[in-house]
Amino acid sequence: GLVAAPCAGPVVVALMTFIASTGRVILGFTLMVAFAAGMGILFIILGTFSGLLSALPSAGMWMNKVKKAFGVIMLAAALFIAKPLIPPPVFGVLIGVGLVLLGAALGAFRSITPDDSVKKDLVRGIALILAVWGMVCLAALLPVPGKIVPVQPVDGGVAESGTASESIWMQDVAAGLKAAGTSGQYVILDFGAEWCHACKELEHKTFNDPAVVARLKDMVAVKVDCTNGRDPAIRAVQQDYGVTGLPTVIVLDSQGIEAGRFVSFLPPKQFLTFLDQAVGTAID
């Protein structure tokens, strides 16, 4: 709850930044109305049909089942929120163990009796599927002889699977601007953090796309790591470029003048369209 409660803050910041960057009043009004309706529609329904609350069934065993179901959902949500901070193998182990335990709790390994109802058989079948799924997740992490393992780039180059080359990204904003001034290239600034899920999504899905990699090689690409948001140097860079939410991607011309920006995640095709609009013409 403490982690997820301020979840609406980044969404509001992203919306306000997008609206301010576009300058389209009607679009901004529509987006904010849609966001407000999405946040308030449940309370409107509860307030309008509050009399229906009295029609709910009385307390009983069904409440314990609902409590347990929501407990599982909250544990799964907590694991999903913590995913950016957990190494992939550990996350896979947790998923596998969790599925096996959930299947066991639902009766996957209980003995079958002739008096079992169809409902119990159905639940047991679902439990067996969850347990087997968990075992498969765990088995996939074991070092099996002859198992094909994707080749990882050793020196930051491009792996055989076509992942993005880390060598095209610089870490120093000042050095990037200097290089762009000398070469006359555009600069792309990627503000992200290790704890930011959308940043990871942007990094793995968009910046690893072959077409995006080819486009970025014609630009000066700079990553700004905002994981330690209390670092005075990082805060100064964020203030210089008006970065209030993560991820934020900014395109500058060779003189350091902003040509465009977006906040949050963009898939590869939309990202390339954004670059074309920001630069004005496609980069050869």
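**The contact of α4 with α5**

Guide: In α4, the residues G92, V93, I95, G96, V97, L99, V100, L102 and G103 meet A127, L130, A131, W133, G134, M135, C137 and L138 of α5, where contact means heavy atoms within 4.5 Å and helices are DSSP runs of H or I with at least four residues, strands being E runs of at least two, numbered from the N terminus. By class, this contact holds 13 nonpolar, four polar and no charged residues (Ala, Val, Leu, Ile, Met, Phe, Trp, Tyr, Cys and Pro count as nonpolar, Asp, Glu, Lys and Arg as charged, and the others, Gly among them, as polar). The model is a predicted one, in which local features need pLDDT of at least 70 and side-chain atom pairs count only at pLDDT 80 or more, while totals for chains, interfaces and linings use all residues. Residues are numbered from 1 along each chain as its sequence is written, and side-chain values use heavy atoms, with hydrogens and water left out.

The axes of α4 and α5 come within 7 Å and cross at roughly 155 degrees (lines fitted to C-alpha atoms over the stretch in contact, with angles from 0 to 180 degrees between N-to-C directions), which means that α4 is roughly antiparallel to α5, a term for angles over 145 degrees. The crossing of α4 with α5 is left-handed, that is, the near helix is turned anticlockwise from the far one by less than a right angle.

Two or more lining residues come from each of α3 (61–81), α4 (88–105) and α5 (118–139), and α3 gives the largest share, six residues.

Another pair, α1 (residues 8–22) and α2 (residues 25–48), has axes that come within 9 Å and cross at roughly 165 degrees, so α1 is roughly antiparallel to α2. Here the crossing is right-handed, and the contact includes F18 of α1 and F35 of α2; its residues are 12 nonpolar, one polar and no charged.

Conventions. Parallel < 35°, antiparallel > 145°, perpendicular 65-115°, else oblique.
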